[in-house]
Amino acid sequence: MSRLVLSGISKSYGAIQALSSVSLSLNPGEVLGLMGDNGAGKSTLVKIIAGNFAPSAGEISIDGQPVVFHKPKDAQREGIEVVYQDLALCDNLTAASNVFLGREPMAKLGPVRYVNYRHMNEVAADLFKQLKSETRPRDLVRKMSGGQRQAVAIARTLLSRPKIVMMDEPTAAISVRQVHEVLELIRRLRDQGITVILISHRMPDVFSVADRITVLRRGELVANKPAARSTPEEVTGLITGAIEAA
């Protein structure tokens, strides 16, 4: 059974048509590379899946059940998490504190309630172990590399046992070594049966981890095919319009 099915998703803002009848399906443990130029509709599609926007038309199903999202919390309850490009991390806090940000576990000592940092560190350590990351729970985020920061952001999504993780430009503005770390993190998610949607302009990164490539152009789906049956040259043509569809 497909993990996520989008059927005829459209979104308009007055006279502006941001998305036009986009349909695709994703399986558990599949990595989808979502590509397109600026203004192609990628962000709009991601925000609809994440519950930020309601589609003007179309339906979303998860594990065979139709769903309607009125806000991001609705999508999170269905197992959808997003790692945004800015990561939304607090530099002055530890890795564990960032993983649990807003969801800190409390303990009691007599009448006193306090944050259970020991539990946070133990759970965060286990999540980093799952990701095979060298990030340590007590490390301060401000001292971390770009790859380690991504590990913290991804570990935060794992806390809620997600079915789908969407990642917005995770390899932008980091070193070659750190890019390798992030791509390995994506493979770890896939190996756990999590569906990953990777939004990226970096063609080599997408082709190194994606099982399937989807290309949007001016709000329309112009390609949705196995990565093994496409090439960077074809995708570039699809993005620019040199190739109509594939």
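Mentor: Aspartate 63 counts as partly exposed, with a relative accessibility of 23%.

Trainee: Why is aspartate 63 called partly exposed?

Mentor: Buried means under 20% relative accessible area and exposed over 50%, with partly exposed in between (1.4 Å probe, protein chains only). The value for aspartate 63 is 23%, so the residue counts as partly exposed. A word on the model: it is predicted, local features need pLDDT of at least 70, side-chain atom pairs count only at pLDDT 80 or more, and totals for chains, interfaces and linings use all residues. Residues are numbered from 1 along each chain as its sequence is written, and side-chain values use heavy atoms, leaving out hydrogens and water.

Trainee: Where is aspartate 63 found?

Mentor: In the loop between strand S4 (57-62) and strand S5 (65-67). Strands (E, at least two residues) and helices (H or I, at least four) are DSSP runs, numbered from the N terminus. Aspartate 63 also has a positive phi of about 50 degrees, although it is not a glycine.

Trainee: What makes S6 and strand S9 (residues 164-168) a pair?

Mentor: Two strands pair if DSSP finds at least two bridges between them. S6 and S9 have four bridges, in the parallel sense, so they pair. Valine 83 stands opposite methionine 167 in S9.

Trainee: Which residues of helix H8 (residues 232-240) are buried?

Mentor: Glu234, Val235, Gly237, Leu238 and Ile239.
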